[in-house]
Amino acid sequence: MRNTSMDGTDPSQLFDDTSAAPGVQPTGFQGQGVGTMGHPGRTLLSDPMSNLAMAYGSSLASQGKDLVDKNLDRFLPISKLKYYFAVDTVYVGKKLGLLVFPYMHQNWEVSYQQDTPVAPRFDINAPDLYIPAMGFITYILVAGLALGTQNRFTPEILGMQASSALVWLIMEVLVVLLSLYLVTVNTDLTTIDLVAFSGYKYVGMIVGVVAGLLFGRTGYYLTLLWCCISIFVFMIRTLRLKLLSEAAAQGVLVHGARNQLRMYLTMSIAAAQPIFMYWLTYHLVR
Amino acid sequence: MSGFDNFNTDFYQSSYSVDDQGQPAGYGHSNTEDPYKQGQYDYSQPMGYSAPGMMQPQQPYTGQIYQPTPAFTPSPTQSMYGSSFDDEPPLLEELGINFDHIWQKTLTVLHPMKAADGNIMNETDLAGPMVFCLAFGATLLLTGKIQFGYVYGISVIGCLGMYCLLNLMSMTGVSFGCVASVLGYCLLPMILLASFGIIFSLQGMFGIIIAATIIGWCSFSASKIFISALAMDGQQLLVAYPCALLYGVFALISVF
């Protein structure tokens, strides 16, 4: 029976080890139903059908993984994204200060190094994605907190706030992209840059809402006014160098329809920020 | 994309070697890491680090561990654990639960001021974090809040977010298991907060101060472990902030 057909069995063994040698496959298949002790996991693999299934399944899984890797890189350029997260604490601190008080800063040029922009770590004028991402998440949490203090909190509201803010962000970036296309501006602003610039307003929104929580409506309005003006100045000064032509960016008055269009475009992008800031926060502070 | 493979293997296989930073007690397995060069998966690693202690008496099966075998072999050409019952590794070792390591990591979390060692996160151990999550849920249960679902959901979302962020911010990638493991271990002070909540209500000023202290403690420990393991310089506060947001949400559950 089972014992006699197994080769290499130690006579002192009390049980059949069906995991051992490959030559015992057929009998091992019949024998494994009865509880063999010792290696319960191994009996699964000694069954040829389940081996096939496992091999097929694992190859399918690795194929799926390759597919995901290939396509993910098409939609989300991971290496480009990594550039925007190459930040350190000093940069983040200075940038936050700049977002709230941009009036003293003199040099707004982004420095380059052999045609590629320098990482944000080394240049305070470079856009990054850490602050917008953290700002977005903090905004959602602060919104939840604000609604909670007014006893209007449910977990669904967090999801609603998050999705509405995200939708407004996407729409803003799309409108800016469309207008850049229509005005035919030759600029090296990428989509991710635009997302970064649009995300900087969350900092001002958070400061406004927190001030509203601590000091009431007057505190909210005062800080929001300050932050709106700051972000307006910040955007104008940053975008001016990227959108306007060289001469106009220097401050020289250059006449011509195209330059006027570009100036209007810069001003409208900058003016959209305070509008969004007010729109997304006024219902949080009562 | 070969570059993406780095994200899946544990980070200690990258070129940055933390092994050179002295030999801490109990972690002398740096010399066993050379055989682990080609795409292993987590299954074989927990056996690896306890193998040096077992090297002498149990020759037959430890030799098998260092072979880079694929996940499921179509035929069991040789048995992984020898052919007799005596050669089997103990159950805890087979499961990868090493109480000594769990204790070491817990002590690292509990002493936030002591510098962390980069080696300790070399094996992704989810047994400790599981215990801590369940203990957190149990202490919340003792205060009358049945919120295992929220704890689970928030921890999954938080781990995903930290995984994406750390992969984007660090030079070497991290695996998801490592992130989950670190975040789970640093949940330990939260259990303390929840147990305070059993004794007295946390909704006063005193409770808010304690909650803020414990959030700071958790996120400081987590960021300390992350930056020592991933060699990120000048970014500790940047890593601590999202951890603080995550633990803040846990504290919100405990307090309200």
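Colleague: Nice, thanks. Does Asn151(A) count as buried or exposed, and why?

Modeller: Asn151(A) counts as exposed, because its relative accessibility is 73% and the cut-off for exposed is over 50%. Keep in mind that this is a predicted model.

Colleague: Where does Asn151(A) lie?

Modeller: Asn151(A) is in the chain A loop that runs between α7 and α8 (155–183). Its phi is near 60°, which is a positive value in a residue other than glycine.

Colleague: And what about the phi of Ala231(B)?

Modeller: Ala231(B) is not a glycine either, and its phi is positive at about 55°. You'll find Ala231(B) in the loop between α10 and α11 of chain B. Ala231(B) counts as partly exposed, because its relative accessibility is 38%.

Colleague: OK, let's zoom out. What is the secondary structure of chain B?

Modeller: Chain B has eleven helices and zero strands. As for burial, 52% of its 256 residues are buried. Take the contacts in chain B with a separation of 6 or more: 73% of them join residues 24 or more positions apart.

Colleague: How much of the accessible surface of chain B belongs to carbon and sulfur atoms?

Modeller: Carbon and sulfur atoms hold 68% of it, out of a total of about 12100 Å².

Colleague: I'd like to check a helix. What should α7 of chain B span, and what are its end C-alpha atoms apart?

Modeller: Helix α7 (residues 148–169) of chain B has 22 residues, so at 1.5 Å a residue it should span 32 Å; the end C-alpha atoms are 31 Å apart, which agrees.

Colleague: Which residues of α7(B) are buried, and what do they pack against?

Modeller: Among the buried ones are Val151(B), Ile154(B), Gly158(B), Met162(B), Tyr163(B) and Asn167(B). The buried residues of α7(B) pack against α5 (78–84) and α7 (130–149) of chain A. In chain B, they pack against α6 (127–142), α8 (176–185), α10 (205–230) and α11 (236–255).

Colleague: Which residues in the largest nonpolar core touch the most other members?

Modeller: That core has 107 residues, and Tyr130(A), Met190(B), Phe226(B) and Tyr247(B) touch the most other members. Helix α10 (residues 201–243) of chain A gives the most to this core, with 14 residues.

Colleague: What does Tyr247(B) touch?

Modeller: Leaving out residues up to four places away in sequence, Tyr247(B) touches Val182(B), Leu183(B), Cys186(B), Leu187(B), Met190(B), Ile215(B), Cys218(B), Ser219(B) and Ala222(B).

Colleague: Switching to annotations: where does UniProt place the "transmembrane region" feature in chain A?

Modeller: The unreviewed UniProt entry places it at residues 129–148, 160–182, 194–214, 220–240 and 261–280 of chain A. In the model, residues 194–214 of chain A are 95% helix and 0% strand, with end C-alpha atoms 32 Å apart. Residues 220–240 of chain A are 100% helix and 0% strand, and there the end C-alpha atoms lie 30 Å apart.

Colleague: Last topic, confidence. What is the mean pLDDT of chain B?

Modeller: The mean is 72, and 63% of the residues in chain B reach 70 or more. Residues 1–59 of chain B have pLDDT below 50, and the model gives this stretch 98 contacts beyond near neighbours in sequence. Residues 75–79 of chain B also stay under 50, with 13 contacts beyond four places in sequence.

Colleague: And what are the ipTM and pTM?

Modeller: The model scores ipTM 0.72 and pTM 0.69.

Technical notes:
Residues are numbered from 1 along each chain as its sequence is written. Chains are lettered from A and ligands numbered from 1 in the order in which they are written. This is a predicted model: local features need pLDDT of at least 70, side-chain atom pairs count only at pLDDT 80 or more; totals for chains, interfaces and linings use all residues. Side-chain values use heavy atoms; hydrogens and water are left out. A nonpolar core is a set of buried Ala, Val, Leu, Ile, Met, Phe, Trp, Tyr and Cys residues joined through side-chain atoms within 4.5 Å. Buried means under 20% relative accessible area, exposed over 50%, partly exposed in between (1.4 Å probe, protein chains only). Helices (H or I, at least four residues) and strands (E, at least two) are DSSP runs, numbered from the N terminus. Contact means heavy atoms within 4.5 Å. The expected span of a helix is 1.5 Å times one less than its number of residues. Accessible areas come from the Shrake-Rupley method with a 1.4 Å probe; for residues, only the protein chains shown count as cover. UniProt positions are given in the numbering used here, feature names are shortened, and annotations may be inferred rather than shown by experiment. pLDDT is the predictor's confidence in each residue, from 0 to 100.
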